[in-house]
Amino acid sequence: MSLKKGFIHVYTGNGKGKTTAAIGLGIRAIGDGLKVIMIQFMKGRRYSEIDVLQHIKNFTVVQFGRDEFVSKEKPEQIDIDLAQKGLLYAKDVVQKGGYDLVILDEINVAVDFNLITSTDVLELLEKKPETLELVLTGRYASPEIIKHADIVSEILEIKHPYQKGVQSRKGIDW
Ligand code: ATP
Ligand code: MG
């Protein structure tokens, strides 16, 4: 079973809930028999969701990143290489058409940090097969990408315990 027409989503903004929203959509899609892959940029850590998702039939997760923070001002060459690799992998997955839903997690941040260009991403979006649903997550989505997308949601931070000095929590934030 596959979708008749696939749309392009962007989940952006500085509030919490973009990656988890994309995972939630992935779970829903799986429930209807769709095949899902989540390609993560700038992430190499075994986040709490990774192992559980790997156990779900038809939900694939692939990471392209280190278990380190990337410097926006001066990214390491390895960070650039990994993001470029992730982009090539994503292009391949999109073109081969083995999935119904492709999630490109934190790809907007990879563009914002200049690890890849928005032109690269637009090229990928233009090659999207008609029936493929695509989700791009991450803060600071570029205006060009937003223009090209069909569903754009901005999660706005109203409050976050981080503002009061609460550190990120395992099982909730990662
Ligand atoms: P989640 O992974 O929980 O859905 P997210 O994808 O919206 O969050 P990112 O922008 O990718 O969040 O940020 C990565 C990390 O920062 C996550 O651990 C997330 O929980 C945390 N975070 C998200 N929003 C905020 C915020 N406004 N202040 C502080 N930390 C945040
Ligand atoms: Mg995220």
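**Metal site**

I started at the magnesium ion (ligand 2), which is coordinated by Thr19 (OG1) and Glu106 (OE) at 2.0 to 2.1 Å. Thr19 sits in helix α1 (residues 18–31) and Glu106 in the loop between β4 (101–105) and α4 (107–112), so the pair ties together parts that are 87 residues apart in sequence. Helices (H or I, at least four residues) and strands (E, at least two) are DSSP runs, numbered from the N terminus. Donors here are N, O and S atoms within 2.8 Å of the metal (3.2 Å for Na, K and Ca), and water is not among the atoms, so sites may look incomplete. I also checked burial: Thr19 and Glu106 are both buried, with buried meaning under 20% relative accessible area, exposed over 50% and partly exposed in between (1.4 Å probe, protein chains only).

**Ground rules**

I note that this is a predicted model: local features need pLDDT of at least 70, side-chain atom pairs count only at pLDDT 80 or more, and totals for chains, interfaces and linings use all residues. Residues are numbered from 1 along each chain as its sequence is written, chains are lettered from A and ligands numbered from 1 in the order in which they are written, and side-chain values use heavy atoms, with hydrogens and water left out.

**Thr137**

Next I looked up Thr137, in strand β5 (residues 133–137). Is Thr137 buried or exposed? Thr137 counts as buried, at 0% relative accessibility. Leaving aside neighbours within four places in sequence, its contacts (heavy atoms within 4.5 Å) include both magnesium ligands, Thr19 and Glu106, and among the others are Tyr11, Lys18 and Asp105.

**Gln163**

Then I went to Gln163, in the segment after β6 (151–154). Gln163 is exposed, with a relative accessible area of 51%. Beyond four places in sequence, Gln163 is in contact with Glu157 and Ile158. The side chains of Gln163 and Glu157 are joined by a polar contact of 2.3 Å; such a contact is a pair of N or O atoms within 3.5 Å, and within protein one must be able to donate a hydrogen and the other to accept it, while residues adjacent in sequence count only if both atoms are side-chain atoms. I also have 27 Å between the C-alpha atoms of Gln163 and Gly65, which are 98 residues apart along the chain.
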